[in-house]
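Work through the two exercises below with the sequence and the model open beside you, and try each task before you read its solution.

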Amino acid sequence: MQTFSSNADSSTISDTLQNVQLDVVMHDVSAQNNVRYSHRQFIEEKLKIVQSNNYHRGFSSPIWRLPTEILAQIFLYCIPEDENRTPAPYLAPMLLTTVCRRWREVAVDMSSLWRRLKLEVGHGDWQQRAFCYDSCLKRSRGRQLSLTLECHNNDWTELRSLLQPYVDQISSLSLGFFSGAGSLAVADFRGLDELVIYTDGSDPILSVAHSIAQLPPSMRSLKLMDLWFNLRLLSGLNPLAWAGLTNLEIVVDGLDSFPRLLRLCPSLSSLTMIGIFTPIEAPEPLAHANLKSLRVSGDLPLDSIGNLGLFDAIALPNLRAVEVRNIGQWPHEEFKAFLARSQCPLESLIFGGGVMATDQQLAEYISLFPSLELVADPTRSAFYF
């Protein structure tokens with residue numbers, strides 16, 4: 001660990017330097033008899049030395065003597081925990097490397113500062129960006145990486161090439177598919193645990209579908225935002241493509257996607273399903289042993305009447321939590337039949353906005369599950385959770 005002098009030592013050194021500098025000036029004065037060194041010039045020189053000394057004396061402040069371990073903890077608070085940033089000289093961690101040599105050494109040596117990054121391709125000087133990105137990635141020193149990748153053209157090749165030496169470090173990945181973006185084989189990220197895919201409002205559904213046609217065996221969580229999957233697209237996936245998933249958030253076009261998702265993801269523990277809810281016309285018996293949490297948000301008005309078939313013929317024996325929004329009239333009898341069929345240990349039932357259930361119906365659930373957490377909150381009405 002580096003050691004630093006006390007305030008007294010710093011003051012003594014600074015005073016000594018000031019005296020030496022003043023002696024030099026005085027010597028110059030005496031040596032320049034022929035030049036007639038003016039009194040005013042002497043005062044100006046003295047003032048500059050005092051100002052310089054006062055500036056450097058600031059480095060005797062306690063912050064400059066903090067132990068490296070404490071300084072490192074402070075640096076960690078400069079990095080957002082839930083956001084990947086594009087490297088920039090005016091933002092941490094790069095900003096921390098510009099303050100002084102010691103801060104630079106500490107920051108560069110902290111691999112945890114360099115594990116959350118946002119990388120973009122498709123605009124600007126790619127060579128300059130690539131050099132900066134690679135420098136940051138090297139400083140991660142083998143740590144697991146959380147990356148956001150955005151493709152603003154139709155080619156992921158440059159990012160793929162850049163990331164090749166680090167591909168096994170990437171455990172969390174967010175992919176931004178913008179207009180014209182091609183596909184990216186997610187299966188190549190062999191250490192991936194969680195994946196988020198979003199768009200700029202365009203509809204690159206085919207590129208995304210090709211990208212996630214096969215997921216790495218290590219992957220457990222998939223979140224698909226602003227992309228509408230229907231039964232046809234889901235049926236085109238390899239039956240084992242998503243077998244390892246335990247958490248899925250997806251937007252669907254039609255409730256007939258629901259049983260297909262359960263078949264695609266036999267290990268699924270949590271499912272969030274949002275979308276256009278047209279009824280399941282001929283539901284087939286289906287049991288899923290692992291699903292514990294189900295969140296559903298549709299597009300139906302409060303006065304919508306009719307059974308959607310969501311809970312018909314299905315059995316979820318491990319289900320513990322259900323939250324529903326915007327599905328119209330609540331299918332009370334169908335849900336009670338589902339509970340009886342599933343024999344699940346339900347712990348939480350949340351009715352958000354856009355769901356019509358009576359007080360009597362709510363009371364029946366309490367009688368079935370005395371310790372049930374039952375919430376009816378119409379303010380929870382947003383389409384997305």
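On a 1 Å grid over the protein atoms alone, a pocket is an open set of points where a 1.4 Å probe fits, with protein on both sides within 12 Å along at least five of seven lines, and its lining residues have an atom within 4 Å of a point. A volume is the space filled by probe spheres set on the points. The model is predicted, and local features need pLDDT of at least 70, side-chain atom pairs count only at pLDDT 80 or more, while totals for chains, interfaces and linings use all residues. Residues are numbered from 1 along each chain as its sequence is written, and side-chain values use heavy atoms, with hydrogens and water left out.

**Exercise 1.** Describe the second largest pocket and its lining.

Solution. Begin with the volume, which is about 270 Å³ for the second largest pocket. Next, take the lining of 18 residues, among which Asp256, Pro259, Ile280, Ala282 and Pro283 lie nearest the centre of the pocket. Finally, ask which helix (a DSSP run of H or I, at least four residues) contributes the largest share: helix α9 (residues 257-264) does, with four residues.

**Exercise 2.** Describe how α3 packs against α4.

Solution. Then take the geometry: α3 and α4 pack at an angle of about 70°, with their axes (lines fitted to C-alpha atoms over the stretch in contact) 10 Å apart. Therefore α3 is roughly perpendicular (65 to 115 degrees) to α4.

Key:
Helices (H or I, at least four residues) and strands (E, at least two) are DSSP runs, numbered from the N terminus. Axes are lines fitted to C-alpha atoms, for helices over the stretch in contact, and angles run from 0 to 180 degrees between N-to-C directions. Angles under 35 degrees count as roughly parallel, over 145 as roughly antiparallel, 65 to 115 as roughly perpendicular and the rest as oblique.
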